[in-house]
Structures are given as C-alpha cells and as structure tokens.
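Reader: I would like to learn how to read a structure feature by feature. Could you take me through one slowly?

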Amino acid sequence: MNISFPKIRFILWSVLLVITGLSSCVTVKSFKLPPPQPVNQAMAELGKQLFFDPRLSGDAELSCATCHQPQHGFSDGLALSKAYTGMKGFRNSPTLINTVYREAWMHDGRLGTNLNDVTREMLTESWLMNMDMRLMQERLKQIPEYVKMFQAAGLGEPSNGGVRKAIPEYLKTLVSQNAPIDKGTLSVAARRGQVLFEGNAGCNSCHTGPRFTDDRPHNLGIPENPEIFTDPVRHLTYVTFTKFMGIANPMALRRDVGAHVRTHRADKKDVGSFITPTLRELVYTAPYMHNGIFQTLEEVVEFYNQGGGSDKNKDNQLKPLHLTKEEKADLVEFLKSLSGDPLTGKKFVAEKPNVQEYPLIENWREVLN
Ligand code: HEC
Ligand code: HEC
C-alpha cells in the first residue's frame with residue numbers, strides 16, 4: 001500500500017481533532033482549593049498560642065478555641081454557641097477550616113473586609129470575648145513568653161495590631177487535608193450521591209466551587225430555634241445584637257432576621273436569609289445551620305427532600321425532591337466525603353498556656369504598685 005505524505009497528515013489531524021473534541025465534552029470539574037497562601041511561621045505560631053489563650057477575653061474565661069475547637073472542625077458541637085460570662089450565644093459556631101478563602105464572614109455576611117476585622121469583632125464584642133484592646137495589650141506585655149514571641153514574629157512589643165495580624169496568620173494554616181473528594185477516592189455510594197447533588201437534587205446551584213458555597217444569602221425557611229426566644233438570657237443577647245445592628249423594635253422580634261442586619265432592605269425580602277455555608281468538614285461540625293436546628297446530615301437531607309421549610313421569602317429553587325431511601329443515604333455519603341483529616345495535631349493545637357495565678361496580696365492596701 002502506498003500512503004502519500006498528505007494523506008498521513010490528514011489522518012493525524014483527524015485523530016487529533018477527535019481527541020480534543022472528546023476531551024472538551026467530558027467536563028472535568030475541579031474542587032481543588034486555591035493553593036495555600038504563604039505563611040510566616042513565627043507569626044502563625046504566635047497566632048496559634050493566642051488562639052488557645054483565655055487571657056484574651058475580658059475575664060480570662062474564654063479563648064477562641066472555647067467556641068472553635070479543633071476536634072469539632074473548629075466549631076463547638078453546640079447548637080448555639082457559648083458567650084461571655086452572663087450571656088448566651090444565639091448562633092451556631094462555624095468551622096474555621098478554609099475560612100481564609102472567604103470574602104464575607106458570619107452567617108449573615110455582616111463582616112466583609114478581612115480576617116483582621118473578624119478577629120477584632122470576636123475579641124471586642126460584649127457577648128463574645130468582651131475584651132478591651134488596651135487592656136489586652138497591657139496584659140500581653142506582662143507575659144514574658146509573649147514578649148519573646150512578638151519579637152520573633154517581627155511585631156515589636158505586644159500590641160493590639162500585632163494580635164490582629166498573628167491570629168489571621170494562624171487561620172491561614174487551617175485548610176482541608178486529604179478529603180476523599182480531593183484524593184479522588186469517593187466510594188461508589190458517594191459517587192452516586194455526587195450525581196444527585198449536581199443533578200436532580202440541585203444542591204450545586206448554591207453549594208458551588210471548591211468550598212461548596214456561592215457565599216451568598218438564601219432563605220431556606222429554616223425553622224427558628226425556640227431557645228433564642230424562650231431563654232431570657234439568650235434572648236437578651238440576641239436583642240443586644242440586633243439593636244446594635246440598627247434593627248427597629250428588636251424586643252418584638254421572634255425570629256433571627258439573618259442577612260437583613262447587613263442589607264436592611266425596605267421590602268424585608270432579605271429577612272431570614274443566611275449565607276450558604278461550606279460543605280467541607282461536615283463530619284466534625286454538627287449540629288447544622290445558623291442556629292444548629294438539625295443534629296444530623298440525615299435530618300438536613302430530609303429537610304431538602306421536603307422542599308425546605310415554609311417562609312414567604314423562601315428561595316424558589318427549593319422544591320420537594322421525592323428521593324428514595326437509598327438516594328438520601330447516597331447524598332449523605334457524598335457530603336461525608338468532603339471532610340478531610342482532623343486538624344488536631346501539634347501543628348494546629350497550642351500547648352496549654354502556662355497561666356500563672358496572681359498571688360493574693362494580703363496587705364494590698366499598704367503595698368504600692
Ligand atoms: C463565645 C464563642 C466564640 C468565641 C470565644 C469566638 N468565636 Fe468566632 N464565632 C463564634 C460564632 C457564634 C460565630 C458566628 C457568628 C455569627 O454568625 O453571628 C463566629 C464566627 C467566627 C468567624 C467567621 C467564620 C465564618 O466562616 O463566617 C471567624 C473567622 C471566627 N469566629 C474566629 C474567631 C477568633 C479568631 C476568635 C478569637 C479571637 C473567636 N472566633 C472567638 C463564636 C465564638
Ligand atoms: C437555594 C440555595 C441552596 C440549595 C439549592 C441547597 N442549599 Fe444547602 N444550604 C444553603 C444555605 C443558605 C444554608 C445555610 C442556612 C442556614 O444556616 O440557615 C445551607 C446549609 C446546608 C447544610 C448545613 C451546613 C452547615 O454547616 O450547617 C448542608 C449539609 C447542606 N446545606 C446541604 C445541601 C444539600 C445536600 C443540598 C441539595 C439537596 C442543598 N444543600 C441545597 C443553600 C442551599
């Protein structure tokens with residue numbers, strides 16, 4: 001057989017075209033998180049120490065880690081978080097894993113600048129750590145370990161600004177590791193769940209991208225957590241917050257207004273909407289939703305199966321799904337495969353700070369400072 005050169009060229013080109021055509025048909029979806037941001041080790045080490053130190057709260061009772069515990073994926077296992085002495089929280093503590101990739105924080109999205117600001121909010125809000133930044137600075141200056149660590153991190157002497165740089169630096173290190181979705185090791189059931197998630201169940205219209213969130217608010221008709229309105233202390237904490245956020249007549253509210261505190265729409269169509277949370281690390285972060293109303297992933301999937309809750313502003317993407325028992329189990333399997341290794345090793349958890357009790361000064365009236 002005598003094949004001419006132009007003929008071979010024609011055949012080769014055709015093969016090439018078919019291959020490129022085929023590969024563009026198979027959409028290769030990537031759930032890869034952005035590459036880790038460069039971390040200043042000395043600063044992150046300081047941030048880690050501060051994160052676990054209760055002396056950062058006004059009465060030295062709460063550290064960041066009280067409400068963001070490593071074994072719970074840096075949430076706290078409670079439906080509604082703790083709060084400063086004498087108050088009780090009204091929101092579910094969110095995971096801090098991958099929080100560095102967010103652009104707006106909190107269930108209502110009210111903080112949208114950077115983690116430096118979020119850290120300030122956590123430290124200074126009266127129902128959170130209720131810390132006066134000047135007091136914090138003076139306290140830290142009296143702890144020789146911190147004086148050394150601030151120096152080593154290039155932050156000079158202990159300062160309010162330094163704390164707000166060091167803690168976010170540590171938060172950069174809290175990134176998902178070895179989740180089956182990233183390693184490509186989904187079980188057969190989880191794969192079936194993924195097909196549903198991206199197909200008939202329509203979950204990925206809001207839970208998109210590598211963190212499985214569009215970072216936007218939606219109203220799902222999540223039932224209220226009655227605890228917020230029946231427990232007087234919790235209620236007062238919530239009222240304090242909404243009043244501060246400029247909501248009219250907060251005592252009369254019987255629901256969490258959600259993103260309305262930020263967007264203040266006159267038609268109130270934003271009332272009851274909450275930012276889509278990440279679906280990574282769910283195996284560690286129960287209970288779920290902004291108010292911890294669901295204990296298990298099975299309950300969450302059943303909620304979506306019913307088409308969500310009831311609310312006049314409910315997102316019209318939510319419709320009853322009519323899933324079979326097996327399909328619901330597959331969806332749960334898929335959700336579980338988005339969780340990685342627990343971040344509970346030394347790299348992420350500080351040793352217990354050596355908190356010195358101040359010795360009692362018996363004759364304090366006579367002693368000069
Ligand atoms: C008393 C409990 C408590 C303490 C202490 C606490 N947090 Fe939080 N944290 C929460 C709760 C609850 C939320 C969600 C608040 C909301 O939506 O209104 C939150 C939200 C956050 C967020 C936003 C996460 C997201 O995905 O939106 C970050 C980041 C954060 N906290 C970091 C910290 C840091 C750093 C400290 C220590 C300086 C700290 N927290 C101390 C309870 C706490
Ligand atoms: C219309 C947008 C939308 C769709 C569609 C949607 N979700 Fe959600 N999802 C949200 C929002 C918003 C929340 C948080 C609501 C809250 O905190 O009150 C949420 C919360 C969750 C949570 C709880 C996460 C946590 O940490 O508390 C899970 C799990 C979840 N969704 C899974 C799914 C699954 C599975 C589907 C498909 C059956 C789905 N979602 C469809 C927007 C959506």
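**A helix and its neighbours**

Author: Let us begin with helix α14, residues 325-336, whose 12 residues reach 17 Å from the first C-alpha to the last, close to the 16 Å expected at 1.5 Å a residue. The expected span is 1.5 Å times one less than the number of residues, and helices here are DSSP runs of H or I with at least four residues, strands being runs of E with at least two, numbered from the N terminus. This is a predicted model, in which local features need pLDDT of at least 70 and side-chain atom pairs count only at pLDDT 80 or more, while totals for chains, interfaces and linings use all residues. Residues are numbered from 1 along each chain as its sequence is written, and chains are lettered from A and ligands numbered from 1 in the order in which they are written.

Reader: Which residues of α14 are buried?

Author: A residue is buried if 20 or more other C-beta atoms lie within 10 Å of its own, exposed if 12 or fewer, and partly exposed in between, with C-beta atoms placed from the backbone. In α14 the buried residues are Lys-328, Asp-330, Leu-331, Glu-333, Phe-334 and Leu-335. They pack against α9 (188-198) and α13 (297-305), where a contact means that the C-beta atoms of two residues, placed from the backbone, lie within 7 Å.

Reader: How is Arg-192 placed, and why is it called partly exposed?

Author: Arg-192 sits in helix α9, and it is partly exposed because 18 other C-beta atoms lie within 10 Å.

Reader: What should I look for in the buried residues of α4?

Author: The buried residues of α4 (115-124) are Leu-115, Val-118, Thr-119, Met-122 and Leu-123. Seen down the axis, they fall within an arc of 135 degrees, so they line one face of the helix; the arc is that of the directions from the helix axis to the C-beta atoms. Among the elements that cover these residues are α3, α5 (133-141) and α7 (160-171).

Reader: Which residues are closest to ligand 1, and which helix gives the most to its shell?

Author: A residue is counted as near a molecule if its C-beta atom, placed from the backbone, lies within 6 Å of it. Around ligand 1 there are 27 such residues, the closest being Cys-64, Cys-67, Met-106, His-107 and Met-122. Helix α4 gives the most, with 5 residues, and α3 (64-67) also supplies at least two. By class, this shell has 15 nonpolar, 8 polar and 4 charged residues, where Ala, Val, Leu, Ile, Met, Phe, Trp, Tyr, Cys and Pro count as nonpolar, Asp, Glu, Lys and Arg as charged, and the others, Gly among them, as polar.

Reader: What surrounds ligand 2?

Author: The shell of ligand 2 holds 28 residues, and the closest are Cys-203, Cys-206, Tyr-288, His-290 and Tyr-304. Both α13 and α14 supply at least two residues, with the largest share, 4 residues, coming from α13. By class there are 18 nonpolar, 9 polar and 1 charged residues.

Reader: How is the protein divided into domains?

Author: An automatic or database domain assignment supplies the bounds, giving domain 1 (41-171) and domain 2 (184-336). The contact between them takes 27 residues from domain 1 and 30 residues from domain 2, and the C-alpha centres of the two domains lie 26 Å apart.
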